[in-house]
Amino acid sequence: MRRRLLIQIMAVAALPLFAAPAFAAGEGGSSGGQTTSQCKKGQVWDKKKKKCVTPQYGMLDDDSIYEAGHDLAMAGRYDEAISVLTLAANKQDPRILNYLGYSHRHSGRVTVGLGYYEEALRIDPNYTLVREYLGEAHLQIGDLAGAQQQLIEIEKRTGKGSREYGMLSEQIDHFLRS
């Protein structure tokens, strides 16, 4: 319990370090098949201009920033995703916080990722995708009980039939077998 609290404090303390706007370039939306993951490094897909552009603070709306950040994160371009997601005007958007957490975690900064996930859940405790990713982060640091707690929370909100429940349950099973 004390270790988890220390991790959360460290992660929350690190949030301001990554909240400044930066350049770079990731959940595709209605871009007519084009997504940020197909743009060259340092660019994102601009739906209005229908082309890849270099992002700048205030240039894109938060939904476009979210889509670009998601696309990049899913393409494994985590540092670019972080750079794009930090351009969001609404620093408290749980979707943005979720993919900042995801990208930091997959870049090896699990503690920082935990902080973003916790902040997203503070804003929206019913965001089960965050809970799935948070559970995976707990497994990365060897905290089986923390992962199981997130699985219980997902089940309370969506039942055992949800994608998030199935994915985290599978990860827990894999963790227990290894």
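Me: Before we look at the pattern of this protein, what counts as a helix or a strand here?

Reply: Helices are DSSP runs of H or I with at least four residues, and strands are runs of E with at least two, numbered from the N terminus. In this predicted model, the pattern along the sequence reads α-β-β-α-α-α-α-α-α-α. That comes to eight helices and two strands.

Me: Thanks! Why are α6 and α8 called roughly parallel?

Reply: Helix α6 (residues 128–140) and helix α8 (residues 163–177) pack at an angle of about 5°. Angles under 35 degrees count as roughly parallel, and α6 and α8 are therefore described that way. Their axes are 9 Å apart.

Me: Which residues make that contact?

Reply: On the α6 side you will find Thr128, Leu129, Arg131, Glu132, Gly135, Glu136 and Leu139. The α8 side brings Arg163, Glu164, Met167, Leu168, Gln171, Ile172 and Phe175. Sorted by kind, the residues of this contact are six nonpolar, three polar and five charged.

Me: What makes Tyr102 and Tyr133 an aromatic pair, and why is the pair called tilted?

Reply: A pair of aromatic rings is described by the distance of the centres and the angle of the planes. Here the centres are 4.8 Å apart, and the cut-off for a pair is 6.5 Å. The planes are 50° apart; under 30 degrees would count as stacked and over 60 as edge-to-face, so the pair is tilted. Tyr102 sits in helix α4 (residues 94–106) and Tyr133 in helix α6, so the pair links parts of the chain 31 residues apart. The structure holds six aromatic pairs.

Me: How do you know whether Tyr102 and Tyr133 are buried or exposed?

Reply: Buried means under 20% relative accessible area. Tyr102 has 11%, so Tyr102 counts as buried. Tyr133 has 6%, so Tyr133 is buried too. In the protein, buried residues make up 49% of the 178 residues.

Me: Which residues form the aromatic cluster?

Reply: Tyr66, Tyr78, Tyr99, Tyr102, Tyr117 and Tyr133 form one cluster.

Me: What makes Arg95 count as lying over the face of Tyr66?

Reply: Arg95 is 4.4 Å from the ring centre of Tyr66. The distance cut-off is 6 Å, and CZ of Arg must also be within 35 degrees of the ring normal. Arg95 is listed as lying over the face of Tyr66.

Me: Last one: why is Gly146 called buried?

Reply: Gly146, found in helix α7 (residues 144–158), has a relative accessible area of 1%. The cut-off is 20%, so Gly146 is buried. Gly146 and Leu134 are twelve residues apart in sequence, and their C-alpha atoms are 8.6 Å apart in space.

Methods:
Residues are numbered from 1 along each chain as its sequence is written. This is a predicted model: local features need pLDDT of at least 70, side-chain atom pairs count only at pLDDT 80 or more; totals for chains, interfaces and linings use all residues. Side-chain values use heavy atoms; hydrogens and water are left out. Axes are lines fitted to C-alpha atoms, for helices over the stretch in contact, and angles run from 0 to 180 degrees between N-to-C directions. Angles under 35 degrees count as roughly parallel, over 145 as roughly antiparallel, 65 to 115 as roughly perpendicular and the rest as oblique. Contact means heavy atoms within 4.5 Å. Ala, Val, Leu, Ile, Met, Phe, Trp, Tyr, Cys and Pro count as nonpolar, Asp, Glu, Lys and Arg as charged, and the others, Gly among them, as polar. Buried means under 20% relative accessible area, exposed over 50%, partly exposed in between (1.4 Å probe, protein chains only).
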